[in-house]
Amino acid sequence: MIKYSIRKKVIGKLSILLLCTFLLTSCSAENYVQGVILNKVNVAGIQDLSSTQDKKVATLKELPDYLKMAFVITEDKRFYEHKGVDPKGILRAVYRDVLEGSKSEGASTITQQLARNVYLSNEKTLTRKTKEIAYALELERKYSKDQILEMYLNHIYFGSGAYGIQAAAQEYFGKDAKNLTIAESALLAGLPKAPSKYSPRNNIELAKERRSIVLSLMEENHIISKQEEEEANKQEILLTKKAVRQ
């Protein structure tokens with residue numbers, strides 16, 4: 001059963017890889033994308049969408065570089081290199097599936113995650129994945145990388161009812177996103193993968209372990225120094241009273 005499941009995942013990702021290759025190389029790719037996007041949704045309106053009515057937006061310019069790069073290096077290391085989908089990332093995920101058996105590495109880019117969060121559901125079907133890729137390519141055509149990253153940070157779910165980096169900063173630490181420390185930024189950057197699982201409210205030790213992984217990635221990619229990594233790892237996770245609910 002396990003081998004069948006792994007084989008199914010590998011076949012699925014290889015199918016997605018072929019689709020990505022076609023969309024990225026075919027001269028008719030733009031027409032295909034327009035055909036897949038139902039009802040010709042106006043992608044330009046994405047910046048006006050909010051997951052909650054009282055949602056506050058953080059601009060990319062006001063956020064510290066280590067915070068922005070914490071998300072990039074954790075969620076999509078090749079974000080500034082690919083065109084919305086990352087064939088190399090898909091191949092890496094396939095390799096991990098085969099090498100590690102039941103463990104599966106994700107291959108969705110930041111742009112794909114944004115498209116999924118705004119326009120689609122989380123259902124695991126090839127149809128949904130096709131639409132996700134189409135939306136991602138369309139977003140990349142219309143917006144710069146920094147604009148996409150800003151929209152991503154303002155739409156992603158961080159658990160505890162918090163959508164967007166500003167809401168998450170207030171919910172967990174009682175401060176604006178622009179004032180988050182390296183340790184706090186790393187903790188929040190580790191949440192999108194599994195908000196409930198890694199929430200410091202649900203499991204403080206697991207949250208610290210996840211934060212440590214993000215800090216290690218930040219140091220390895222020269223976003224922070226070794227000393228900064230060590231100091232951040234030593235910091236206790238102090239949640240605001242607002243974040244503690246009975």
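Biologist: Which residues have the most contacts inside the largest nonpolar core?

Modeller: This is a predicted model, in which local features need pLDDT of at least 70 and side-chain atom pairs count only at pLDDT 80 or more, while totals for chains, interfaces and linings use all residues. Residues are numbered from 1 along each chain as its sequence is written, and side-chain values use heavy atoms, with hydrogens and water left out. The residues with the most contacts inside the largest nonpolar core, which has 49 residues, are Phe71, Phe158, Ile165, Leu188 and Met218.

Biologist: What makes a set of residues a nonpolar core?

Modeller: The set must consist of buried Ala, Val, Leu, Ile, Met, Phe, Trp, Tyr and Cys residues joined through side-chain atoms within 4.5 Å, where buried means under 20% relative accessible area (1.4 Å probe, protein chains only). Helix 9 gives the most to this core, with six residues.

Biologist: Which residues does Met218 touch?

Modeller: Leaving aside residues up to four places away in sequence, Met218 touches Tyr66, Ala70, Ile73, Ile182, Ala186, Ile223 and Ile224, a contact being heavy atoms within 4.5 Å.

Biologist: Why is helix 3 called mostly covered?

Modeller: Eight of the 11 residues of helix 3 (residues 65-75) are buried, among them Lys68, Phe71 and Glu75. The buried residues of helix 3 pack against helix 5, helix 7, helix 8 (165-173), helix 9 (182-189) and helix 11 (204-220).

Biologist: How many helices and strands are there in the chain?

Modeller: There are 12 helices and zero strands, where helices (H or I, at least four residues) and strands (E, at least two) are DSSP runs numbered from the N terminus.

Biologist: Why are helix 5 and helix 7 called oblique to each other?

Modeller: The axes of helix 5 (residues 110-119) and helix 7 (residues 145-155) come within 9 Å and cross at roughly 50°. Angles under 35 degrees count as roughly parallel, over 145 as roughly antiparallel, 65 to 115 as roughly perpendicular and the rest as oblique; helix 5 and helix 7 are therefore oblique to each other.

Biologist: Which residues of helix 5 and helix 7 meet?

Modeller: Ile110, Thr111, Gln113, Leu114 and Val118 in helix 5 meet Ile148, Leu149, Met151, Tyr152 and His155 in helix 7. The residues of this contact divide into seven nonpolar, three polar and no charged, given that Ala, Val, Leu, Ile, Met, Phe, Trp, Tyr, Cys and Pro count as nonpolar, Asp, Glu, Lys and Arg as charged, and the others, Gly among them, as polar.

Definitions and conventions. Axes are lines fitted to C-alpha atoms, for helices over the stretch in contact, and angles run from 0 to 180 degrees between N-to-C directions. Buried means under 20% relative accessible area, exposed over 50%, partly exposed in between (1.4 Å probe, protein chains only).
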